[in-house]
Amino acid sequence: MTLLANIDVDDLARAEAFYVSALGLTVSRRFGADGVELLGASSPVYLLRKAAGSAAGDATMQTRDYRRHWTPVHLDFVVSDLDAALARALAAGATLESEPRTANWGRIAVLADPFGHGFCLLEFLNRGYDEIAISS
């Protein structure tokens with residue numbers, strides 16, 4: 001199974017500039033004026049142009065809104081240097097929502113992109129998540 005990460009945005013050029021600058025992703029393919037494939041993470045990231053106010057889907061009355069919104073699903077980007085990655089993301093237009101904190105597994109910073117989507121930057125320390133994993 002392959003995982004693809006899709007991110008709806010209302011301004012494709014601005015989103016491309018953000019994700020390339022903030023996270024070092026690179027453009028692989030373009031899909032006309034409505035999409036771009038970014039590589040450089042463990043899974044491809046697809047930016048999909050969807051107008052603000054457009055229907056979020058056929059089974060809901062919700063519409064797309066690019067103000068800051070909460071969702072239980074978000075992306076975590078694992079980086080080797082949290083401080084450098086955080087500075088790059090902030091310079092590209094990310095909003096810091098929680099000061100970086102440290103746990104025995106690593107460091108984390110909680111941010112939002114310019115389109116209202118939350119994401120985290122993680123720097124693993126020691127054995128990473130193995131520090132807190134429980135064997136089954």
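Analyst: In this predicted model, Leu121 touches Leu23, Phe77, Val79, Leu82, Ala85, Leu86, Ala89, Arg107, Ile108, Ala109 and Leu111, leaving aside residues up to four places away in sequence. Leu121 is also, with Tyr19, Leu47 and Leu111, one of the residues with the most contacts inside the largest nonpolar core, a set of 27 residues. Two or more residues of this core come from each of strand E1 (5-9), helix H1 (12-23), strand E3 (35-39), strand E4 (45-49), H2, strand E7 (106-112) and strand E8 (118-124). H1 gives the largest share, 6 residues. In soluble globular proteins, nonpolar side chains tend to be buried together.

The aromatic rings form 7 pairs. In one of them, Phe31 and Tyr46, the ring centres are 6.1 Å apart and the planes meet at 40°, so the pair is tilted. This pair links distant parts of the chain, 15 residues apart: Phe31 belongs to the loop between strand E2 (26-30) and E3, and Tyr46 to strand E4. Phe31 is partly exposed at 38% relative accessible area, whereas Tyr46 is buried at 11%.

Trp105 and Tyr129 form another tilted pair, with 5.2 Å centre to centre and 50° between the planes. Here too distant parts of the chain are linked, 24 residues apart, with Trp105 in the loop between strand E6 (95-103) and E7 and Tyr129 in the segment after E8. Trp105 is buried, its relative accessible area being 13%, while Tyr129 is partly exposed at 39%. Finally, Phe18, Tyr19, Phe77 and Phe119 form one aromatic cluster; of these, Tyr19 is among the core residues with the most contacts, and Phe77 is touched by Leu121.

How values were computed
Residues numbered from 1 in each chain as written. Predicted model: local features only at pLDDT ≥ 70, side-chain atom pairs only at ≥ 80, totals over all residues. Heavy atoms only, no water. Core = buried A, V, L, I, M, F, W, Y, C linked by side-chain atoms within 4.5 Å. Buried < 20%, exposed > 50% of the residue type's maximum accessible area, 1.4 Å probe, protein only. Helix = DSSP H or I, 4+ residues; strand = E, 2+ residues; numbered from the N terminus. Contact = heavy atoms within 4.5 Å. Phe/Tyr/Trp six-rings, centres within 6.5 Å; stacked < 30°, edge-to-face > 60°.
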